[in-house]
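User: Hey, I'm new to this one. Can you walk me through what's in it?
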Amino acid sequence: MTSHVPNEARVIPLRPRAERPEARPTASRPTVSPVPPERRPPTVREPLWRDLVGDVLRRERLEQERTLKEVAEAARISMPYLSEVERGRKEASSEVLAAAAGALGLSLGDLLARAQGELVRLASRHTGAGAGRGTPGTRFDGMCLAA
């Protein structure tokens, strides 16, 4: 006898839900005045991984002077889907990324390394942290993707 498991994702919150305001003691937190808008740092949108990977794929394809159709056929991916991946509109699976990279003569590792290099370059430009790894005072909060 088999049990039916619903096809639903289980959501695990990363942070506990905020307590109701009436349940919080008021003396536990010091009051902090809000920062005026003119003193706030400018809001910078961090690049999305799918945008970076898509940019790398498109740049490599154009450097090779190949059409979207040629690469899509070699990778056995539909041309509209590859276009969406290149434009950062689709979050492609590792199989699709490996196929697209392979059609361009790259390994999945090469593709991800190039995207990671672009991420580091953009992040250092936005934060002003031009220093590299291991420099005192730098902080690396990120994610490691292995291929």
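User: Let's start with a single residue. Leaving aside its neighbours within four places in sequence, which residues is Glu 118 in contact with?
Analyst: Glu 118 is in contact with Leu 52 and Arg 59, once neighbours within four places in sequence are set aside. Keep in mind that this is a predicted model.

User: Okay, and where is Glu 118 found?
Analyst: In helix α5, which covers residues 108-127.

User: Does Glu 118 count as buried or exposed?
Analyst: Glu 118 counts as buried, because its relative accessibility is 16% and the cut-off for buried is under 20%.

User: Let's zoom out. How many helices and strands does the protein chain come to?
Analyst: Five helices and zero strands. Going along the sequence, the pattern reads α-α-α-α-α.

User: And what share of the residues is buried?
Analyst: Buried residues are 22% of the 147 in the protein chain.

User: What about the accessible surface, how much is there?
Analyst: About 12100 Å² for the protein chain, and carbon and sulfur atoms account for 54% of that.

User: What share of the contacts join residues at least 24 apart?
Analyst: That's 59%, counting contacts in the protein chain between residues at least 6 apart in sequence.

User: Now the helices. At what angle do α2 and α4 pack?
Analyst: Helix α2 (residues 68-75) and helix α4 (residues 94-103) pack at about 120°, and their axes are 8 Å apart. That angle makes α2 oblique to α4. As for handedness, the crossing of α2 and α4 is right-handed.

User: Which residues meet there?
Analyst: From α2 you have Val 71, Ala 74 and Ala 75, and they meet Ala 99, Ala 100 and Ala 103 in α4. By class, this contact of α2 with α4 has six nonpolar residues, with no polar and no charged ones.

User: I was also looking at Glu 73. Which helix does it lie in?
Analyst: Glu 73 lies in helix α2. With 52% relative accessibility, Glu 73 counts as exposed.

User: Switching topic: how do α1 and α3 pack, what's the angle?
Analyst: About 115°, and the axes of α1 and α3 are 7 Å apart.

User: And which residues meet between α1 and α3?
Analyst: On the α1 side there are Arg 50, Gly 54, Asp 55, Leu 57, Arg 58 and Arg 61, and they meet Ser 83, Val 85 and Glu 86 in α3. Sorted by class, the residues of this contact of α1 with α3 are two nonpolar, two polar and five charged.

User: Which residues is Tyr 81 in contact with, leaving aside neighbours within four places?
Analyst: Lys 90, Glu 91, Ala 92 and Val 96 are in contact with Tyr 81 on that basis. For one of those pairs, Tyr 81 and Ala 92, the C-alpha atoms are separated by 9.1 Å, and the two residues are 11 apart along the chain.

User: Last topic, the loops. What is phi of Arg 76?
Analyst: Phi of Arg 76 is near 60°, a positive value in a residue other than glycine. Most residues other than glycine have a negative phi. Arg 76 sits in the loop between α2 and α3, and Arg 76 is exposed, with a relative accessible area of 78%.

User: And what about Glu 65, what's phi there?
Analyst: Glu 65 has a positive phi of about 55°, although it is not a glycine.

User: Where does Glu 65 lie?
Analyst: In the loop between α1 (49-63) and α2. Glu 65 is exposed, with a relative accessible area of 73%.

Technical notes: Residues numbered from 1 in each chain as written. Predicted model: local features only at pLDDT ≥ 70, side-chain atom pairs only at ≥ 80, totals over all residues. Heavy atoms only, no water. Axes fitted to C-alpha atoms, helices over the stretch in contact; angles between N-to-C directions. Helix = DSSP H or I, 4+ residues; strand = E, 2+ residues; numbered from the N terminus. Parallel < 35°, antiparallel > 145°, perpendicular 65-115°, else oblique. Left-handed = near helix turned anticlockwise from the far one by under 90°. Contact = heavy atoms within 4.5 Å. Nonpolar A, V, L, I, M, F, W, Y, C, P; charged D, E, K, R; others polar. Buried < 20%, exposed > 50% of the residue type's maximum accessible area, 1.4 Å probe, protein only. Areas by Shrake-Rupley, 256 points an atom, 1.4 Å probe, with all protein chains shown as cover.
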